[in-house]
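This report covers helix packing, aromatic pairs and charges over rings. Follow it with the coordinates open.

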Amino acid sequence: MDFIINKFNNRIKRYRRKKNTVIFQSILRQRTDYLLTLSIAYLLEKNKNEIDFDSHSKFIYDSSKLSTGHYIKYLREFDLLKEIFVNKKVKETLNNFPNIRNNRYAHGFTMTESEPNKFNDYMIDLYEILINEIEFLKSEYFYYYVEGKEQDEYFGYRIGPDGEFDEWSITPKSFFGSKLKLYNTYISTPSKPNFYIKVSPFIQLQDEETALLFLNLEEKLTGRIKYSKILSEDESYLEWEEIKDLFYSPDQERKLSLNGLIMNKFENNYTEYFNLDDNLEKSINDFLIKNTSSVALTLWGHGGVGKTALVQSTCNKLFNDPKKFFDYVVFISAKDRKFNYMSGEIEPLENNIRSLNEVLYKISQVLFEPMLEYDYFLQKIDEFKDKIFSISQKVLLVIDDFETFDVSEREQIIEFVKKLDINHHKVIFTSRIKHGLTGEQLTSVELDKSASADFLTKVFKSEFNWNVERIAELVSDSSKIELIHKATEGRPLFLYQFAYMYKSYNFVDYHFKMLATNENAKKFLYERLYDYLSNEAKLIFKYSYPIIIKESLSINISVLRYLLNELQCQFNVDDALDELNNLRITTKDSTDLHRIYSEDILKIMGDYYNGNDIAIKETIISIIEQIGWKNNTTNIYIDLLDKLNRDRDYKSEQENIDAYRKLLNDNNCSVEIKIKAFSSITGYLKNMNSRKYAINLYKEFSYFTFSHVDLVRMFALMLKEEREVEEACKVLKKYLKSLDKHNKNINDEILIFSILITYEGIRLLSDRKIKIKNAHDDKEIISEIRQKFKQKIAKFISDYQKKLVRIISENTASQIISGKNKELIKSNLTSAINAIVKLGTELNNISINDSNLINRDNTIILIKFGLNNLPNHIHETLISCKNNLLATNNNYIIEKGEKISLRITGINKKYGVFGKINDFVGLIHISNFHEEQVNNLDLIFLKGNYVEALIEHVNKKSKKLRLSLIN
């Protein structure tokens, strides 16, 4: 008997009146598990010199998969002197125990009403037999924990059988039995007080109150064991050097860091890593260590810019760091080829990962079973997937060259990553494509001329041991660096190739030109570009070559849109252009001007264009000739702006801002070009996720910003995207206030006013939603919030509805929806009217008896305008709101020519479809329907549903309407 058994027994007494509860049964089970584990620990330590080493290690290694039957088998195997299996009674009891526990009362088995008591009685009988028949378990014994050692004296604490806690110390000469080790747990009996038996790592004292019970070995490389806390549902983990040493052997798949991190073995693609971008490296580290919002990060960039080297370096730094940030790092490569910079050849790679299943298999090998067989894994794949999801350690997964997976596999991998737990998993992708990924995104770009020179300096010094003078002679020659940068495009892979060629041949023109025109290099970079594109982006790629300005590599987007429209290519051009920009096939200089990334890509586009059918090419040329398009410019400021746009990717954001600022402050530059320049730099900053810099520019050039409606609109949009909706509204109000009352442009006014209404509506509804959410379902508070917002909604409508109705009443629809921003006006006016009508209807529903809060007539005016002039997708909403208003307004007069939503009350194949609105009965005559509709009238039009109709005639006396169907 010991203090732990006494704790169990006391807890059992406490629950003795609740014998058929899960808690009571759990205590009985854990008490039995404790006795069996204690027996195993006792036998392994006492007989350690006689027990076969392989049996010892196999028991620990297999612990996570052992059934109760196997546990008893090992107990029998280790009981060399028959100290446990002392007689027939004990043998029969222990031999029958696996069947009782696993087969009859296993997890998920539903007991009958009497069976819990039978199980409890059996577990109590088992305990009584073990504790009374086995001398070792019958004895009272003390627990000891070794906390430290001073000179020859060990010290710590002991806990007596009755739970009494006491300090304890002893010298090596005073004891025998197990050798004492720091931070281990021991037992001894009063009859042999100085004979210590080590029970760690199977049973471990955590403090004077808490003991841990061995469950299984979690990780053999670190010796990590999983424990359950006795008389608790909590779990704990400890790492044991002796267990690690027990299993130490060369691991073909993994390696163990001094900090305890386990990482799979992979071949670095660099001899020595040179940091190319401090900010990029810091961003990755911050994502791994500090970020708590995203599981995944994508490092995106063209081939050869150092993505793989950077993530491999990150893995190696985590491995070598004194502090452990992750328990596991799994590096997986889907790379299927590499460019050999020495030979200039593309070499295939074997054993690359090609599917989600292979990704999961690799993860499972590193996390769970290094010797895992693939066929066995596939049989148990769902179990392994669940283990990955539920792992309690921290795991970093790196998937390199993600774009080489098939599309379907990429989608499956993304779905898998989305299910990972941010508290235990981090994922880094490297990819040449940007679309279709998840999580954070970082871009790895080519080096500029200065950085290329620095990189070459490091390569020559590290790889070829050149002296400083010889390196300086090369990198200080600006003309040579210019040529090198042009040939290599600032890609580290090709800078390595140049260094190798320069070392071998010096700066020989022939070899240098060979580098600049290496077909294998271009093939490695660009061969698969077209394959990565969607069908829509492929059309732009192979049709746009003739309209590209070859000198500047620019493409006019308006011309592109016209060309695609004439070719009847119906798709979202903006999405396709974003895709091309994301792949850096093109870059976005401004809304109207994109640029092809390099002359090599232009040549490939030309090849694909030339591969089109002759008829397609003739059609394209004919369209270009029809619009009389020319690719020349004459204004110097246009050329200057073009240069600024071309050079952007080679400069920092601040350098670009300064360059554009200089042009904007030039008094000789026309306003039109300044507007383009301003749009270009702010659009660039937005695309670089630097909206705050763009917002600062808008503020800096406020005199300029508020002179043009499009700049105001973009300024407000950026503020809204930065969640500064209140500031955005202030900007819009300021612009409206600045308009000349006597000479205002109705198109500009209605555009900005519509945006303002939409943003204010967003603010109002968002504020209400947040306050209701924060009320935590308190009905009284929510009622007060709704009442308060009822007044706010009324004020919103009062402030904006009246003015909008005035503009609509004073101008025709063709005047309002016109000009260069016609589509923007229509879109934003749709949103504005939608917001006001919806809120007006809501206010109507909650304020039927309070006519001071609502103006139904103005709402009806807006609805009519929307039905007659705005896109069809808003009509259903407007008609529904109109019917709602009519239902609460008995004075409203239904008139001919109105569109209504009719509730169907009956169907008759002789007469047609009957319906009702207010107290009017309407009929859509059978003559309105074609033969197929007539035959299926009762299937198409269901009683109780609504149908959109136009009022053709009103009989006010008989309250009847003649209607026609709105298709």
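## Helix packing

Helix H31 (residues 709–721) packs with helix H33 (residues 746–774) at an angle of about 10 degrees. Their axes lie 10 Å apart. H31 and H33 are therefore roughly parallel to each other (angles under 35 degrees). Axes are lines fitted to C-alpha atoms over the stretch in contact, with angles from 0 to 180 degrees between N-to-C directions. Helices are DSSP runs of H or I with at least four residues, strands runs of E with at least two, numbered from the N terminus.

On the H31 side, the contact (heavy atoms within 4.5 Å) includes Val-709, Val-712 and Arg-713. Among the H33 partners are Asp-748, Leu-751 and Tyr-759. The contact residues divide into 9 nonpolar, no polar and 3 charged.

## Model basis

The model is predicted: local features need pLDDT of at least 70, side-chain atom pairs need 80 or more, and totals for chains, interfaces and linings use all residues. Numbering runs from 1 along each chain as its sequence is written, and side-chain values use heavy atoms, without hydrogens or water.

## Aromatic pairs

The structure holds 33 aromatic pairs (ring centres within 6.5 Å; planes under 30 degrees apart are stacked, over 60 edge-to-face, the rest tilted). Phe-929 and Phe-941 form a tilted one, 5.3 Å centre to centre with 55 degrees between the planes. Both residues are buried (under 20% relative accessible area, 1.4 Å probe, protein chains only).

Ring pairs also join Phe-678, Tyr-698, Phe-701, Tyr-703, Phe-704 and Phe-715 into a cluster.

## Charges over rings

Lys-255 places its charged end over the ring of Phe-319, 4.9 Å from the centre. Lys-387 lies over the face of Phe-368, 4.3 Å from the ring centre. The criterion is NZ of Lys or CZ of Arg within 6 Å of the ring centre and within 35 degrees of the ring normal.

Key
Phe/Tyr/Trp six-rings, centres within 6.5 Å; stacked < 30°, edge-to-face > 60°. Buried < 20%, exposed > 50% of the residue type's maximum accessible area, 1.4 Å probe, protein only. Parallel < 35°, antiparallel > 145°, perpendicular 65-115°, else oblique. Nonpolar A, V, L, I, M, F, W, Y, C, P; charged D, E, K, R; others polar.
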